[in-house]
Amino acid sequence: MISIDWLAFVEVFLAALIAATTVVLFYALGLRLLVRSGRAPVVTPAEFTDAITVISAKQARRAAKAAEKAARKSPLTDRQKQVSYIGAYGCFTVCALAVIGGIVLIVVNH
């Protein structure tokens with residue numbers, strides 16, 4: 001006879017939901033702080049075989065130019081930009097620690 005431990009199922013579900021929410025929340029907050037600090041991430045064009053959309057080099061230059069222009073127009077002081085930059089990498093660190101912690105739990109408890 002097969003028996004399902006529903007309490008364990010709920011525990012795993014809640015842990016996965018909380019972990020996923022934490023990673024997404026801190027990654028989004030990190031990107032927001034990175035842009036606020038005037039260091040918007042600009043991705044260079046890449047060619048993928050099954051890509052839905054590939055930006056051209058011209059579009060990448062335009063995006064980089066827009067990011068530089070937005071950074072120059074920022075009303076923040078240099079200190080505020082620096083705090084945002086440090087906060088962004090703090091958020092990325094929380095994301096990395098959450099992922100590493102999940103991997104460690106899987107490897108150690110398996």
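Of the 110 residues of the chain, 13% count as buried, where buried means under 20% relative accessible area, exposed over 50% and partly exposed in between, computed with a 1.4 Å probe on protein chains only. This is a predicted model, in which local features need pLDDT of at least 70 and side-chain atom pairs count only at pLDDT 80 or more, while totals for chains, interfaces and linings use all residues. Residues are numbered from 1 along each chain as its sequence is written, and side-chain values use heavy atoms, with hydrogens and water left out.

The chain holds three helices and zero strands, and along the sequence it follows the pattern α-α-α; helices (H or I, at least four residues) and strands (E, at least two) are DSSP runs, numbered from the N terminus. The average pLDDT of the chain is 84, and 86% of the residues score at least 70, pLDDT being the predictor's confidence in each residue, from 0 to 100. Among the elements of the chain, helix 1 has the highest mean pLDDT (92), and helix 2 (residues 57–72) the lowest (80). Where pLDDT is low, the predicted coordinates should not be read in detail.

S84 lies in helix 3 (residues 78–109) and is buried, because its relative accessible area is 5%. Apart from its neighbours within four places in sequence, S84 is in contact with L33, R36 and S37, contact meaning heavy atoms within 4.5 Å. In the chain, 66% of the contacts with a separation of 6 or more are between residues 24 or more positions apart.

The axes of helix 1 (residues 6–36) and helix 3 come within 8 Å and cross at roughly 160 degrees; these axes are lines fitted to C-alpha atoms, for helices over the stretch in contact, and angles run from 0 to 180 degrees between N-to-C directions. The two helices are therefore roughly antiparallel to each other, since angles over 145 degrees count that way, under 35 as roughly parallel, 65 to 115 as roughly perpendicular and the rest as oblique. Helix 1 contributes residues including L33 and R36 to the contact, and helix 3 contributes S84, Y85 and F92, among others. The residues of this contact divide into 16 nonpolar, three polar and two charged.

P75, in the loop between helix 2 and helix 3, is exposed, with a relative accessible area of 78%, and the C-alpha atoms of P75 and R36 are separated by 10.0 Å.

Conventions:
Ala, Val, Leu, Ile, Met, Phe, Trp, Tyr, Cys and Pro count as nonpolar, Asp, Glu, Lys and Arg as charged, and the others, Gly among them, as polar.
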